[in-house]
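Hi everyone, thanks for making the time.

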Amino acid sequence: MAKLHISATVNGEPTEFLCEPDETMLDVLRGPLGLTGSKEGCGSGDCGACSITLDGRLVCSCLMLAAEAEGADIRTIEGMAEGDTLHPLQRKFLEMAALQCGICTPGMLVAAKALLDRNPDPSESEVRYWLAGNLCRCTGYDKIVRAVLETAAEMREAVR
Amino acid sequence: MSGSAADGVPASPLSYLDRPNSYIGRSVARPNARRLLAGQGQYVGDIVLARMLHVAFYRSPHAHARIGRIDVAAAAASREVVWVVTGADILGICKPWVGVLGHLKGMKSAPQPALALDRVFAQGEPIVAVVARSQAAAEDAVQKIAVDFEALPPLTEPEAALAEGAPVLHPELGDNLAFERRIEVGAVDAAFAAAAAVVEDTFDFARQTGVTLEPRGIVADYRAADGRLTLYQSSQAPHMMRALMARQFGLPESDIRVVAPDIGGSFGIKIHCYPDEMATVALAILLKRPVKFVADRLESFVSDIHARGHRVRGRMAVDAEGRILAFVADALTGVGPYSAYPRTSAVEANQVINLIGGPYVFPAYRARARVAFQNKVVMSQYRAVGHPIACTVTEALIDRAAAALGLDPAEMRRRNLIKDDAYPVTSAVGLKFEGLSHHRALAKMLEMMDYEALRAEQAALRARGIHRGIGLASFIEITNPSPAFYGAGGAPIAAQDGCAIRLDPEGGLTLQASVGEQGQGTETVLAQIAASVFDVPLARVRVVTGDTDTTPQGGDNWASRAAGIAGEATLQATKALKANVLEIAGALLQMPPARLDIRDGKVVEAASGAARFDLAEIARMVYFRTDALPEGVKPELMATRHYVPRGYPFAFTNGVQASYLEVDTATGAVTLLKHWVVEDCGTVINPLLVAEQLRGGIVQGIGGALYEECVYDEQGQMQNANMADYLVPMAAEMPDIEIGHVAGTPTAESELGAKGTGEAGVAAAPAAVLNAVNDALRPFAARVTAQPMTPECILRALGKLPSRRGAAGPAFG
Ligand code: FES
Ligand code: FES
């Protein structure tokens with residue numbers, strides 16, 4: 001099979017890569033692009049560990065073909081902090097112990113950020129349902145949900 | 001973040017460490033979590049080595065079959081494929097192993113090969129390994145393998161496996177009974193004859209599996225030039241693995257290095273030897289190239305160990321006042337075709353009969369545990385081994401007896417829990433309790449949940465046709481296991497742990513510990529202890545774990561032992577280092593060391609607090625200006641201590657959980673409204689991390705209670721071996737979990753006094769939920785005795801669906 005040549009923007013950087021027509025975005029991110037922050041927990045769209053945004057839309061990169069990235073704006077966990085400054089969500093997760101083993105955390109953060117980008121004032125049940133596709137086997141979710149709510153409150157405070 | 005309490009867990013008083021700058025009892029955040037948040041964690045799947053190859057496995061589609069011709073020609077012809085390997089090809093280097101332990105008397109198991117030889121005994125057993133230049137190529141080539149099977153009748157149910165005349169899976173063993181143990185204490189028959197009430201039920205616990213979000217994985221790297229084998233393994237037990245690999249491959253332990261990098265969840269799943277990982281190591285040695293194996297989710301479901309899978313018949317006799325006179329328990333489990341190596345597959349059943357009735361006083365006990373071989377995936381130990389089963393049986397019977405006598409469930413517990421001032425206590429079964437706080441915990445729980453008000457609310461809603469239930473579950477939890485177990489049973493599993501600590505040239509501390517980090521916060525807790533004892537800011541302590549080359553020999557992480565055992569080793573090592581530093585400072589200042597102290601990173605005069613040296617000055621003198629040190633001063637800025645608990649076989653913790661929920665009697669759906677836990681784990685080092693261990697554990701326990709089940713058909717095929725069909729708890733369904741604490745019972749075995757806390761959540765959550773469901777169903781005279789309590793199971797209990805317990809019996813085990 002001939003490889004496809006794809007041009008995209010990844011975390012703000014113009015990026016080109018070659019991929020097989022049937023290769024997933026997750027495999028390209030973790031392989032040739034070296035962005036291993038996105039994780040494979042299932043490969044079937046059921047765990048959210050591979051969450052990224054595609055033109056601002058939250059997607060499972062394990063279900064997306066790499067070829068679909070042509071011309072798109074891709075964001076991953078690696079693009080979340082600004083230099084050394086953690087995103088408020090990352091800071092809150094750290095403070096509140098909203099992670100244990102950390103393997104679900106990149107996906108959780110990307111998904112939570114996508115929520116706050118569209119809804120700066122979510123209710124607890126909106127947070128719980130938004131994150132219902134992200135499996136965490138360690139924390140029991142309580143601190144994750146609370147960290148997202150507290151971050152939202154702080155970010156609203158900050159723009160005021 | 002810092003503070004003195006999280007979730008109402010107070011800081012514990014601790015004389016030695018109770019200094020102004022102590023971090024003990026403070027909810028500090030985990031410094032090592034930053035890289036995980038940035039997506040810079042390094043898990044096995046992220047590791048790439050030069051010349052690395054990938055392996056994928058052809059696994060048995062049958063539960064039981066004879067292997068005929070294996071056609072690998074098409075797979076071997078693939079351009080990217082390096083080697084296609086069958087069982088016979090690696091038998092020379094990788095002999096089958098046997099998962100038995102000497103102290104489990106009479107236990108037996110058959111030799112288990114890395115790749116199946118002439119027969120397969122379970123779905124998912126690896127038969128052929130394909131090594132290729134990429135993972136995708138290896139997986140594609142596996143699809144091209146053709147194997148002729150002669151299907152054999154599968155033996156799936158443990159009862160059938162143990163029945164007279166059953167076909168024997170491994171004829172050389174004589175029968176299918178892997179292990180049996182009986183307990184008989186006190187006058188059981190007399191107790192039942194004299195009882196005011198007897199309650200009895202048969203409880204079924206489905207098979208579950210751990211579903212670590214990071215699947216198992218290993219990169220094996222054998223360098224022929226120096227004969228060194230390095231394993232990067234998603235493992236909670238690198239020291240144990242090194243010893244096992246040395247035995248398995250005939251290499252000296254000193255030539256093996258096991259590195260456990262970031263681990264994406266373990267929960268007991270990643271503490272066993274798996275055939276696919278053994279095969280990967282064998283291939284790396286034979287190919288003299290790094291070989292990587294990472295399980296995909298589908299193969300995880302049929303190759304990770306399963307657990308629980310029990311049927312327990314339980315009976316309890318009580319007198320007219322509700323006092324327990326006797327328990328009888330008969331536990332049966334099926335553990336697949338082999339006992340897992342090296343911890344075996346008998347410990348869960350053994351633990352079940354050890355722990356039944358654990359929180360209570362009762363004089364007589366009869367129990368039997370039987371472990372059968374069968375054609376399903378291997379079962380072994382998963383978080384809180386045996387606990388949720390024993391706790392559910394016990395607590396459900398307590399509630400039934402309370403109902404039979406017209407007692408409130410809380411009162412029934414009050415009458416039977418071991419008294420708080422009775423310790424030390426040896427139970428009827430022989431469990432030794434140093435100190436527990438069941439009554440304080442129960443009182444705290446009832447106050448925290450406002451039990452009376454909740455009962456009133458329940459009654460009011462019941463009148464309106466809304467069926468809510470309240471469930472209580474008292475529990476004990478095994479932590480800090482002593483040397484009496486695996487080591488005594490012949491496995492290279494240590495009960496001691498070590499810590500080496502040194503003063504760095506810039507005045508910080510580096511601590512190397514034999515336990516590891518899987519996210520529970522081990523490194524943070526050890527750093528808190530060292531920072532408190534030495535009195536330096538926490539940020540100046542660096543902790544190294546997870547590498548057998550750079551850490552002391554020790555017991556790794558299992559059975560909630562890191563804080564209690566490695567924590568004490570850390571405390572003692574830090575004290576020793578501190579004494580060395582004060583001796584050096586005393587020599588430099590010509591003052592007795594006893595008149596000096598370290599405070600906030602400086603050597604000070606103890607009486608006045610006047611600063612005399614920065615720690616960095618001492619370190620620089622000792623390391624680089626030894627010429628300027630007074631005669632006789634030893635340049636010892638590193639200290640190592642090991643610790644092992646010996647006085648008690650375990651440091652038991654105790655506590656109580658409660659669940660409040662609503663059952664929709666039309667659909668059978670359960671809505672969790674609230675969950676509470678009170679736990680006493682002795683000295684609390686980091687209340688936030690304790691709270692999160694409890695919460696995470698409770699949610700895993702709720703998973704077992706309501707959702708999780710490895711569903712098998714009669715052919716031994718797992719029907720839901722994927723993440724869409726095997727249900728685990730997700731954020732949307734989980735209740736608020738409130739945590740309370742009581743004045744604890746630190747263990748006096750160690751100066752630190754800490755016990756573990758990793759199992760407690762899982763131990764009692766299923767019992768609390770089951771009791772709450774049955775409390776909700778009480779008006780219907782219906783009850784549930786099986787887990788998971790799916791809507792279907794609840795509707796069956798309500799008589800709205802036909803009962804499944806017919807001639808064939810329910811599926812379990
Ligand atoms: S790996 Fe993509 S959803 Fe699980
Ligand atoms: S922190 Fe381990 S899976 Fe979420």
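Let me begin with one pair of residues in chain B: B:Leu229 has B:Ile256, in strand S11(B), as its bridge partner. Before I go on, please keep in mind that this is a predicted model.

That pair belongs to a wider pairing. Strand S10 of chain B, residues 228-233, runs parallel to S11(B), and 4 bridges join the two. What sort of unit do S10(B), helix H7 and S11(B) make? With H7 of chain B, residues 238-249, they make a right-handed β-α-β unit.

Now look at S11(B) itself, residues 256-259. On the covered face we have B:Ile256 and B:Val258, while B:Arg257 and B:Val259 are on the uncovered one. For background, side chains in a regular strand alternate between the two faces of the sheet.

H8(B) has 13 residues, and from its first C-alpha to its last it reaches 18 Å, close to the 18 Å expected at 1.5 Å a residue. Why do I call H8(B) largely enclosed by the rest of the structure? Because 11 of its 13 residues are buried. The buried ones include B:Met278, B:Val281, B:Leu283 and B:Ile285, and also B:Asp276 and B:Glu277. After the helix comes B:Lys288, which has a positive phi, near 55°.

You'll find B:Arg207 in strand S8 of chain B, residues 197-209. Is B:Arg207 buried or exposed? It counts as buried, because 25 other C-beta atoms lie within 10 Å, and the cut-off for buried is 20 or more.

Let's zoom out to domains. In chain B, the assignment gives domain 1 (44-152 + 211-301), domain 2 (306-483 + 647-797) and domain 3 (496-643). The centres of domain 2 and domain 3 of chain B, taken over C-alpha atoms, are separated by 40 Å. Where they touch, 18 residues of domain 2 are in contact with 16 residues of domain 3. On the domain 2 side, strand S18 (467-479) and helix H19 (687-707) of chain B each supply at least two residues. By class, that side divides into 7 nonpolar, 8 polar and 3 charged residues.

Chain A is divided into domain 1 (4-79) and domain 2 (88-159). Their centres, again over C-alpha atoms, are separated by 22 Å. The contact between them takes 13 residues from domain 1 and 11 residues from domain 2. Which strand gives the most to the domain 1 side? That would be S3 of chain A, residues 51-54, with 3 residues. The domain 1 side as a whole has 6 nonpolar, 6 polar and 1 charged residues.

Last stop, the place where the chains meet. Here 41 residues of chain A are in contact with 42 residues of chain B. On the chain A side, helices H2 (88-96), H3 (105-118), H4 (124-130) and H5 (142-159) each supply at least two residues. That side of chain A has 23 nonpolar, 11 polar and 7 charged residues.

That's my tour, and I'm happy to take questions.

Note on methods:
Residues are numbered from 1 along each chain as its sequence is written. Chains are lettered from A and ligands numbered from 1 in the order in which they are written. This is a predicted model: local features need pLDDT of at least 70, side-chain atom pairs count only at pLDDT 80 or more; totals for chains, interfaces and linings use all residues. A residue is buried if 20 or more other C-beta atoms lie within 10 Å of its own, exposed if 12 or fewer, and partly exposed in between; C-beta atoms are placed from the backbone. Two strands pair if DSSP finds at least two bridges between them. A crossover is right-handed if, with the strands pointing away from the viewer, the path from the first strand over the helix to the second runs clockwise. Two residues are in contact if their C-beta atoms, placed from the backbone, lie within 7 Å. Ala, Val, Leu, Ile, Met, Phe, Trp, Tyr, Cys and Pro count as nonpolar, Asp, Glu, Lys and Arg as charged, and the others, Gly among them, as polar. Domain bounds come from an automatic or database domain assignment. The expected span of a helix is 1.5 Å times one less than its number of residues.
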